Amino acid sequence: MLHQPDKNTVRTSRSMLPPLSATVAGSVLVGIDSLAILGSGAATCAALIDYQDTNNLYGTATIFVWLMSLILMQFGGLYRYDAALRPLRFLLGIFVAVITAYLFLLAAAFSVKVTEDFSRLWLASFACSSVVTIAIGRICMAFLLKNLLGRGSYKRNLVIVGTGEQAVRMVASITQTSQQPIDLKGHYHDNRQDAEQHDEAPELDKSVALRGDLSDLARDARDGLIDDVVITLPWSEDQRIMAVLSKLRELPVNVYLGTDLIGYRAQFHKPPSHLGATPLYQVIGKPMSGWDAVLKQLEDYVLAFLIVVLISPLLLLIALGVWLDSGRPILFRQKRLGYNNQVFDVFKFRTMRPETEHQGKTVQATKDDPRVTRLGSFLRRWSLDELPQLFNVLNGTMSLIGPRPHALDHNDEFALRTKDYFARHRVKPGITGLAQVKGFRGSTDTDEKLEGRIRNDIFYAENWSLTMDIQILARTVIVCLFGKNAY
């Protein structure tokens, strides 16, 4: 029987505040950041610089840093809605963007030979105050947003067209986004049969009421009670979907086509522009392609070279220690699977006695392993045995950051224990990785540990960013200092 909701309940008045969207939140963040940077530049200039000596140089520098910071933060995804709601999670990205803008300023000043005209104290004060004021402004905005959302302000009223299995899954997906500005108002149907089936579907959340048909939807939308409409009908029923779209086209609402059932098991992305207007959705993409691949290679080669130069005395000292402690060879080499399942030799300082190294099945080191030398135990504890892999980075077989490479026989074993195992080999293996800083470092003696490692490796490959790499490098230092999983 068709459920008829109380019209007074359905047609409730909404807040006088406009509904929140990612565009609105991003615009507010741009305003906050602009005030923070421009205000910091003006305040530090007034406090530290004699106005008669500026010659508009400091004003030009402030505007340069402001524009470059906004561009870099936009490029880094720092104006998304989640960045507005969770500022602490994005503080490192803000710091990197602002400091990079200052580096560009210094490069520009050097190129036009005006670096001597800048006050070092002003540059340092401007940089520090910009980062601090941006962080304070964003934290205040997040506090205000959470307070308003908790009281129901700025909510976006969303409704669903459809009552079938796709609608069930859509409701479940929406209700999981508790911190999003979404207020799910209910279902509407496009034919009588779906309406009659609504009460007979036990899996459908009955707290999300059936509000009526498309005529009722049009009336509520024109009354300003609906912001977004999601159509959850099978994609095979294209004529039915087009009929619904035809009726909704004249309404002042956003209309979205919910994914078909397969979309809950595969992620859809827009195709690259070289495919033109072809109606395609990408479900699997090549990781780190295009400019991402160039940026990743620059990161690897430049940083690896600089690190090798800086720590070369330490490398020589460790090599001497290994030789004095247990003789030769100093380096341990082992075949590993790398990018695209290609075999390569990984380099490490030898930490086990040569006579105890297995030539057949690889046995992972355990706590108090008798095969490990005295110096080897120290090197493993602080991950210093991994340092020769910097030369793997320089010869192109590894990356600074990526999935850790496993021994050849371990790959066969692990592939049988967990699905999608070899998806981690779509990128170069790394000296450190997301899985290692998330606690999946060391032994993989349980399926839970192995699945956690593989899950994080695949996530890294499919969601790489320069900001993520910087965060992993910073967390790697903490893990090496305080971690307890390396034997």
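Modeller: Let us begin with Arg333, which lies in strand E6 (residues 331-337); helices (H or I, at least four residues) and strands (E, at least two) are DSSP runs, numbered from the N terminus. This is a predicted model, in which local features need pLDDT of at least 70 and side-chain atom pairs count only at pLDDT 80 or more, while totals for chains, interfaces and linings use all residues. Residues are numbered from 1 along each chain as its sequence is written, and side-chain values use heavy atoms, with hydrogens and water left out.

Colleague: Is Arg333 buried or exposed?

Modeller: Arg333 counts as exposed because its relative accessibility is 57%. Buried means under 20% relative accessible area, exposed over 50%, and partly exposed in between (1.4 Å probe, protein chains only).

Colleague: Which residues is Arg333 in contact with, leaving aside its neighbours within four places in sequence?

Modeller: Those residues are Val346 and Phe347, where contact means heavy atoms within 4.5 Å. The C-alpha atoms of Arg333 and Arg350 are separated by 8.5 Å, and these residues are 17 apart along the chain.

Colleague: How is a pair of aromatic rings described?

Modeller: A pair is described by the distance of the centres and the angle of the planes. Rings of Phe, Tyr and Trp (its six-membered ring) pair if their centres lie within 6.5 Å; planes under 30 degrees apart count as stacked, over 60 as edge-to-face and the rest as tilted. There are five aromatic pairs in the structure. One of them joins Tyr58 and Trp122, edge-to-face at 4.8 Å centre to centre, with 85 degrees between the planes.

Colleague: Where do Tyr58 and Trp122 lie?

Modeller: Tyr58 is in helix H3 (residues 57-75) and Trp122 in helix H6 (residues 120-150), so their pair ties together parts that are 64 residues apart in sequence. Tyr58 counts as buried at 5% relative accessibility, and Trp122 counts as buried at 0%. The rings of Trp122 and Phe126 have centres 5.0 Å apart and planes at 40 degrees, so that pair is tilted.

Colleague: How are two packed helices described?

Modeller: The description gives the angle between their axes and the distance between the axes. H3 and helix H5 (residues 91-111) pack at about 135 degrees, with their axes 8 Å apart. Axes are lines fitted to C-alpha atoms, for helices over the stretch in contact, and angles run from 0 to 180 degrees between N-to-C directions.
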